Amino acid sequence: MVRMNFSNASIAENELAASFQVSPNPAAEQVIITLKENSGADATVSVLDLTGKEVFQSSVNSANGSQNITVNTSTFANGMYIVNVSTNGITSSKKFIVRN
């Protein structure tokens with residue numbers, strides 16, 4: 001008998017993924033991370049390169065409504081990066097590409 005447990009997947013994770021956008025993609029000089037309404041929850045935003053090195057980090061005390069975080073990517077090497085947004089113990093990730 002095979003048992004499968006999918007208890008780690010939740011609707012809250014999907015809602016968090018939909019609660020931020022990364023643009024433009026691909027990025028050249030900067031990327032803008034737009035946090036949508038987070039019900040006033042604090043958020044931690046980090047950008048990692050593909051080796052796992054954190055190249056940007058910011059803590060945001062987000063108020064209700066949208067908030068933009070501008071990340072200067074002009075010094076980043078060309079390649080793929082991962083944006084992690086953590087709120088209330090839930091982390092969601094999106095990828096973007098830098099082409100300088």
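The questions and answers below go through a predicted model of one chain.

Q: What makes up the secondary structure of the chain, and which pattern does the chain follow along the sequence?
A: The chain holds 1 helix and 7 strands. Along the sequence the pattern reads α-β-β-β-β-β-β-β.

Q: How many strands form the open sheet, and in what order?
A: The open sheet has 4 strands, in the order S4-S3-S6-S7, and their pairing is antiparallel. On average, neighbouring strands are turned by 15° against each other, direction ignored.

Q: How do you know that S3 and S4 pair?
A: Two strands pair if at least two bridges are found between them. Strand S3 (residues 42-49) and S4 have 7 bridges, so they count as paired, in the antiparallel sense. One of the facing positions is Val-45, opposite Ser-58 in S4. Another is Leu-48, which stands opposite Glu-54 in S4.

Q: How do you know that S3 also pairs with S6?
A: The cut-off is again at least two bridges. S3 and S6 are joined by 6 bridges and run antiparallel, so they pair as well. Val-45 faces Val-85 in S6, and Val-45 also faces Ser-58 in S4.

Q: What makes S6 and S7 partners?
A: Strand S6 (residues 79-87) is joined to S7 by 9 bridges, and at least two are needed, so the two strands pair. They run antiparallel. Thr-87 has Ile-90 in S7 as its bridge partner.

Q: Why is S3 called mostly covered?
A: A residue is buried when its relative accessible area is under 20%. In S3, 6 of the 8 residues are buried. In the chain of 100 residues, buried residues make up 32%.

Q: Which residue in the hairpin of S3 and S4 takes a positive phi?
A: Gly-52 does, with phi near 95°. This hairpin has 4 residues between the strands.

Q: Which residue has a positive phi although it is not a glycine?
A: Asn-88 has a positive phi of about 55°. Asn-88 lies in the loop between S6 and S7.

Q: Why is Asn-88 called exposed?
A: Exposed means over 50% relative accessible area. Asn-88 has 67%, so it counts as exposed.

Q: Why is Ser-19 called buried?
A: The limit for buried is under 20% relative accessibility. Ser-19 has 9%, so it is buried. Ser-19 sits in the loop between helix H1 (11-17) and strand S1 (20-23). Between Ser-19 and Leu-35 the C-alpha distance is 6.1 Å, while they are 16 residues apart in sequence.

Q: Why is Met-80 called partly exposed?
A: Partly exposed is the range between buried, under 20%, and exposed, over 50%. Met-80 has a relative accessible area of 33%, so it falls in that range. Met-80 lies in strand S6. Together with Leu-50 and Ile-97, Met-80 forms a nonpolar patch on the surface, with about 250 Å² of accessible area in total.

Q: Why is the pair of Tyr-81 and Phe-96 called stacked?
A: Planes under 30 degrees apart count as stacked. Tyr-81 and Phe-96 have 25° between their planes and 5.8 Å from centre to centre, so the pair is stacked. Tyr-81 is in strand S6 and Phe-96 in strand S7, so the pair ties together parts that are 15 residues apart in sequence. Both residues are buried.

Q: Which residues form one aromatic cluster?
A: Phe-76, Tyr-81 and Phe-96 form one cluster, and the structure holds 2 aromatic pairs.

Technical notes:
Residues numbered from 1 in each chain as written. Predicted model: local features only at pLDDT ≥ 70, side-chain atom pairs only at ≥ 80, totals over all residues. Heavy atoms only, no water. Axes fitted to C-alpha atoms, helices over the stretch in contact; angles between N-to-C directions. Buried < 20%, exposed > 50% of the residue type's maximum accessible area, 1.4 Å probe, protein only. Patch = residues over 30% accessible without salt bridge, like charges linked within 9 Å, V, L, I, M, F, W, Y side chains within 5 Å. Areas by Shrake-Rupley, 256 points an atom, 1.4 Å probe, with all protein chains shown as cover. Salt bridge = Lys/Arg side-chain N within 4 Å of Asp/Glu carboxyl O. Phe/Tyr/Trp six-rings, centres within 6.5 Å; stacked < 30°, edge-to-face > 60°.
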